[in-house]
Amino acid sequence: MNQLPGYISQIKEYLIGQGFPEQVESVVILGSGLGDFSTLIEQPLMVPYHEIPHFSETSVQGHSGELFCGTVANRTIIAFSGRFHHYEGYEYSRTALPAYTAKAFNANKLIISNAAGAINTRFNVGDLMVIDDVIRLFHKVSSGPAVLPFPYFHTETAEKVRKIAAIIGLDIQRGTYLYAKGPNYESKAEIRAFRILGADVVGMSTVPELIEASRLQIPAAAISMVTNMAADISKSKLDHSEVKETAESRKEDFARLVTEIIRKL
Ligand code: HPA
């Protein structure tokens, strides 16, 4: 485990003491308002983040801060309900904790979900989008060699997710996720600029986990749920309750998609 921060082995040891298995097939990150997926986990075991060494409670509304293990589609999984955002003050390495957990538990895939604002004017609220590339406007790494190669994006993973969605009759978009710093939503001028840069959606998470999964060679699939149109096209002032309401209204389709990805990817 020498590619991982030292504290990961203590986390793993603690979780095994709580009944987690030594190995799981998938690690899943449930984004804003998508935490209900955890109710579909069979034989669930739940540990609140605040009881786990080196975790701490997440502070964002809609993020419960609970770690689950159990089975979905007869596959063993660990699910993070609630994540660590850079804007809450967490270091880069902490925001990527789910990717390190996936490696520590020998998972063969990481499935990431998030809520995002649509920049692409052809998208609609409620759309699901598989991420096939990212734009980082800032990138903070606490330590590491001076220069790192940019991770290889598995375009075939995005294509497989599209096929899995088609099999269950779900239309999904495919596109570029722009990682914004937050915690404020973006200004209208920023969104116009991001559109020119080529972004389809904007959000405040996911990229650290994707980069670390790539470095650790764990196949990762990331799905955005469009919970609102971004600032320059949204008619109302953005707030987190709109994000949660939309996520709530699409939670069944989201759950079907994640279940099939766990089964088939
Ligand atoms: N911007 C940034 N993050 C988000 C948004 C948004 O419009 N919606 C959900 N997360």
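The model is predicted: local features need pLDDT of at least 70, side-chain atom pairs count only at pLDDT 80 or more, and totals for chains, interfaces and linings use all residues. Residues are numbered from 1 along each chain as its sequence is written, and side-chain values use heavy atoms, with hydrogens and water left out.

I begin with helix H4, residues 155-167; helices are DSSP runs of H or I of at least four residues, strands are runs of E of at least two, and both are numbered from the N terminus. H4 has 13 residues and spans 19 Å from first to last C-alpha, close to the expected 18 Å, which is 1.5 Å times one less than its number of residues.

Which residues of H4 are buried? They are Thr157, Ala158, Val161, Ile164 and Ala165, where buried means under 20% relative accessible area and exposed over 50%, with a 1.4 Å probe and protein chains only. Seen down the axis of H4, these residues fall within an arc of 120°, so they line one face of the helix; the arc is that of the directions from the axis to the C-beta atoms. Their cover includes strands E6, E7 and E9 and helix H8, contact being heavy atoms within 4.5 Å. The face turned away from the buried side carries the exposed Lys163, Ala166 and Ile167. Just after H4, Gly169 takes a positive phi of about 75°.

I turn to the cores, sets of buried Ala, Val, Leu, Ile, Met, Phe, Trp, Tyr and Cys residues joined through side-chain atoms within 4.5 Å. In the largest, of 49 residues, Phe55, Leu67, Ile78 and Leu110 touch the most other members. A second, separate core of 30 residues includes Ile164.
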